Amino acid sequence: MSDYMKENMKTKGISDSRLMSLWRKAVLAHNHHQCLLCGRSGDSNLQCHHVIARRRKYLRYDYRNGVPLCVSCHQRCHTKNGDRELSRVFRHYDYCLDNENVIIKNYLVNRGMTDTDFMLEKKKELMYVINKDNWT
Ligand SMILES: [Zn+2]
Ligand SMILES: [Zn+2]
């Protein structure tokens with residue numbers, strides 16, 4: 001790794017992969033460590049599905065945009081029928097659709113935030129959910 005990259009990571013404060021791993025923990029905690037569709041449990045059996053594709057950065061690290069699913073339910077959710085099924089039972093589904101088109105660049109400019117500010121804010125939110133929901 002070059003010095004430039006190392007320096008860049010330091011000033012960024014938090015990496016994408018670290019945030020994604022916190023996101024997964026928060027999604028699991030927030031949804032009782034169970035597949036939302038069939039109830040199967042055990043974190044190692046569960047994958048976390050982004051309702052809105054993760055390239056939409058505004059929702060990429062949002063715990064409300066994630067659903068724990070077992071492998072077969074996850075596969076189903078990538079079909080039209082499975083997604084419809086998910087839309088009926090997932091409580092944050094409408095929230096996801098409502099925010100699908102938020103442009104991260106505009107969002108940051110309007111708030112005078114940098115990308116780093118945004119990521120640190122998301123980190124705080126995810127840590128909060130992980131701590132709160134794991135004990136209820
Ligand atoms: Zn399942
Ligand atoms: Zn998925």
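This is a predicted model: local features need pLDDT of at least 70, side-chain atom pairs count only at pLDDT 80 or more; totals for chains, interfaces and linings use all residues.
Let me begin with helix α7, residues 104-111, which is hardly covered, since the count of buried residues among its 8 residues is 0. By buried I mean that 20 or more other C-beta atoms lie within 10 Å of the residue's own, while exposed means 12 or fewer and partly exposed means in between, with C-beta atoms placed from the backbone. Helices here are DSSP runs of H or I with at least four residues, strands are runs of E with at least two, and both are numbered from the N terminus.

Residues are numbered from 1 along each chain as its sequence is written, and chains are lettered from A and ligands numbered from 1 in the order in which they are written.

Now the chain as a whole. The protein chain has 8 helices and 2 strands, and along the sequence these follow the pattern α-α-β-α-β-α-α-α-α-α. Of its 136 residues, 26% count as buried. If we take contacts between residues at least 6 apart in sequence, 68% of them join residues at least 24 apart, where a contact means that two C-beta atoms, placed from the backbone, lie within 7 Å.

In contrast to α7, where the buried count is 0, strand β2, residues 66-70, is mostly covered, with 5 of its 5 residues buried. Which residues of β2 point one way, and which the other? Gly-66, Pro-68 and Cys-70 point to one side, Val-67 and Leu-69 to the other, and all are buried. The partner of β2 is strand β1, residues 46-50, and the two pair in the antiparallel sense over 5 bridges, pairing being counted when DSSP finds at least two bridges. Within this pair, Gln-47 stands opposite Leu-69 in β2.

Next, helix α2. It has 15 residues and reaches 21 Å from its first C-alpha to its last, close to the expected 21 Å, the expected span being 1.5 Å times one less than the number of residues. The buried residues in α2 are Leu-22, Trp-23, Ala-26, Val-27, Leu-28, Ala-29 and His-30, and what covers them includes β1, β2 and α8.

How do α2 and α8 cross? The axes of α2, residues 16-30, and α8, residues 115-133, come within 8 Å and cross at roughly 35°; axes are lines fitted to C-alpha atoms, for helices over the stretch in contact, with angles running from 0 to 180 degrees between N-to-C directions. The crossing is left-handed, meaning that the near helix is turned anticlockwise from the far one by less than a right angle, clockwise being right-handed. On the α2 side, the residues that meet α8 include Leu-19, Trp-23 and Ala-26, and on the α8 side they include Met-119, Leu-126 and Ile-130. By class, this contact has 10 nonpolar, 1 polar and 4 charged residues; Ala, Val, Leu, Ile, Met, Phe, Trp, Tyr, Cys and Pro count as nonpolar, Asp, Glu, Lys and Arg as charged, and the others, Gly among them, as polar.

Finally, a few loop residues. His-32 follows α2 and has a positive phi of about 60° although it is not a glycine. His-32 sits in the loop between α2 and β1 and is partly exposed, with 13 other C-beta atoms within 10 Å. His-33, in that loop between α2 and β1, has a positive phi of about 55°, again without being a glycine, and is partly exposed with 16 other C-beta atoms within 10 Å.

Gly-13, in the loop between α1 (3-12) and α2, is partly exposed, with 14 C-beta neighbours inside 10 Å. Leaving aside residues up to four places away in sequence, Gly-13 touches Thr-116, Met-119 and Leu-120; Gly-13 and Thr-116 are 103 residues apart in sequence and 6.9 Å apart in space, C-alpha to C-alpha.
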